[in-house]
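Dear colleague,

I am passing on the structure below, followed by my notes on what was found in it. Please read the notes with the coordinates open beside you.

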Amino acid sequence: MSSKANTTVRMFGLLHTFRKDHGLPSQAEVAVPEEGCPAEAIARDLGLPMEKIEAVFVNHKAYALDHEVHPGDQVAFVPTGIPGPGRMMLGIRHAQH
């Protein structure tokens, strides 16, 4: 990824707690290449536990982790364990590829 941070990434729920427990903020500024990159790559670069990520929100829509993130996108990782009604309300049940 490029050296200039250009995208804000937020972590919620147990991902927030995971970062805090490791002395890290639950929000990070990351550099995303101009051509974009998969959300999964960002999660790995941030050291998030991949098995605990349910979906990623990019610009307020839920997607699978293979979704391409571009500079300036609003990104938030959502943990596993969200109850059924909440999943539907957030759009995670039908996260788009």
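The strands β1 and β7 (residues 75-79) run parallel and are joined by three bridges, two strands being taken as paired if DSSP finds at least two bridges between them. To strand β2 (residues 27-30), β1 is joined by four bridges, and these two strands run antiparallel; here Val-9 stands opposite Ala-28. Strand β1 (residues 7-11) has a covered face made of Thr-7, Val-9 and Met-11, while Thr-8 and Arg-10 make up the uncovered one.

The model is a predicted one, in which local features need pLDDT of at least 70 and side-chain atom pairs count only at pLDDT 80 or more, whereas totals for chains, interfaces and linings use all residues. Residues are numbered from 1 along each chain as its sequence is written, and side-chain values use heavy atoms, with hydrogens and water left out.

As to the chain in general, its secondary structure comes to three helices and seven strands, which follow one another from the N terminus as β-α-β-β-α-β-β-β-β-α. Of its 97 residues, 39% count as buried (buried means under 20% relative accessible area, exposed over 50%, and partly exposed in between, with a 1.4 Å probe and protein chains only).

The structure holds one salt bridge, defined as a side-chain nitrogen of Lys or Arg within 4 Å of a carboxyl oxygen of Asp or Glu. The side chains that meet in it are those of Glu-40 and Arg-44, at 2.7 Å from N to O. Because Glu-40 and Arg-44 are four residues apart in helix α2 (residues 39-45), they are separated by about one helical turn. Glu-40 is partly exposed, with a relative accessible area of 29%, whereas Arg-44, at 51% relative accessibility, counts as exposed.

Finally, Glu-34, Glu-35, Asp-66 and Glu-68 form a negative surface patch; patches are made of residues with over 30% relative accessible area and no salt bridge, like charges being joined within 9 Å and nonpolar side chains (Val, Leu, Ile, Met, Phe, Trp, Tyr) within 5 Å. One of its members, Asp-66, lies in the loop between β5 (61-63) and β6 (68-69), and Asp-66 is partly exposed, with a relative accessible area of 47%.

Notes:
Areas by Shrake-Rupley, 256 points an atom, 1.4 Å probe, with all protein chains shown as cover. Lys, Arg positive; Asp, Glu negative; His and termini not counted. Charge placed at Lys NZ, Arg CZ, Asp CG, Glu CD.
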